[in-house]
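Open the model in your viewer and keep the selection tool at hand. The stops below go from one side chain to the next.

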Amino acid sequence: MAKRNNDHMALGDALSEFIKENNLQKGMDKVDAREAWTNLMGNGVNNYTTSVELKNETLYVSLSSSVLREELSLGKSKIITMINEELGRELVKKLVLR
């Protein structure tokens, strides 16, 4: 059973502690990476995005348009930089467009 903490703490701090104690950070990173892609790419790209998945330090993005895939592949390093800035840390090292 988890220890009970009688001190008052902010909700954000309590959630951070819960995530750390239960080893949920990898799952949160996956959700955060998916949200960062959605926020940064906008409706034009999101309409053609079928899935976004983070495995280890690689972000896999499935696109339904080969033309868009080719266009985005030219700016992979910029996309990686933008996503990491959105997340506030160096989470994505490689981007795979499929």
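A charge sits over a ring if NZ of Lys or CZ of Arg is within 6 Å of the ring centre and within 35 degrees of the ring normal. Select Lys55 and Tyr60: Lys55 lies over the face of Tyr60, 5.8 Å from the ring centre.

This is a predicted model, in which local features need pLDDT of at least 70 and side-chain atom pairs count only at pLDDT 80 or more, while totals for chains, interfaces and linings use all residues. Residues are numbered from 1 along each chain as its sequence is written, and side-chain values use heavy atoms, with hydrogens and water left out.

Lys55 is partly exposed at 42% relative accessibility, and Glu53 is partly exposed at 34%. Here buried means under 20% relative accessible area, exposed over 50%, and partly exposed in between (1.4 Å probe, protein chains only).

How many salt bridges are there by this rule? The count is three.

Next, select Arg89 and Asp29, whose side chains meet in a salt bridge at 2.2 Å, N to O. Asp29 is buried at 9% relative accessibility, whereas Arg89 is partly exposed at 38%.

Move to Asn84, which is buried, with a relative accessible area of 7%. Not counting residues up to four places away in sequence, Asn84 touches Arg89, Glu90, Leu91 and Val92 (contact means heavy atoms within 4.5 Å).

Key
A salt bridge is a side-chain nitrogen of Lys or Arg within 4 Å of a carboxyl oxygen of Asp or Glu.
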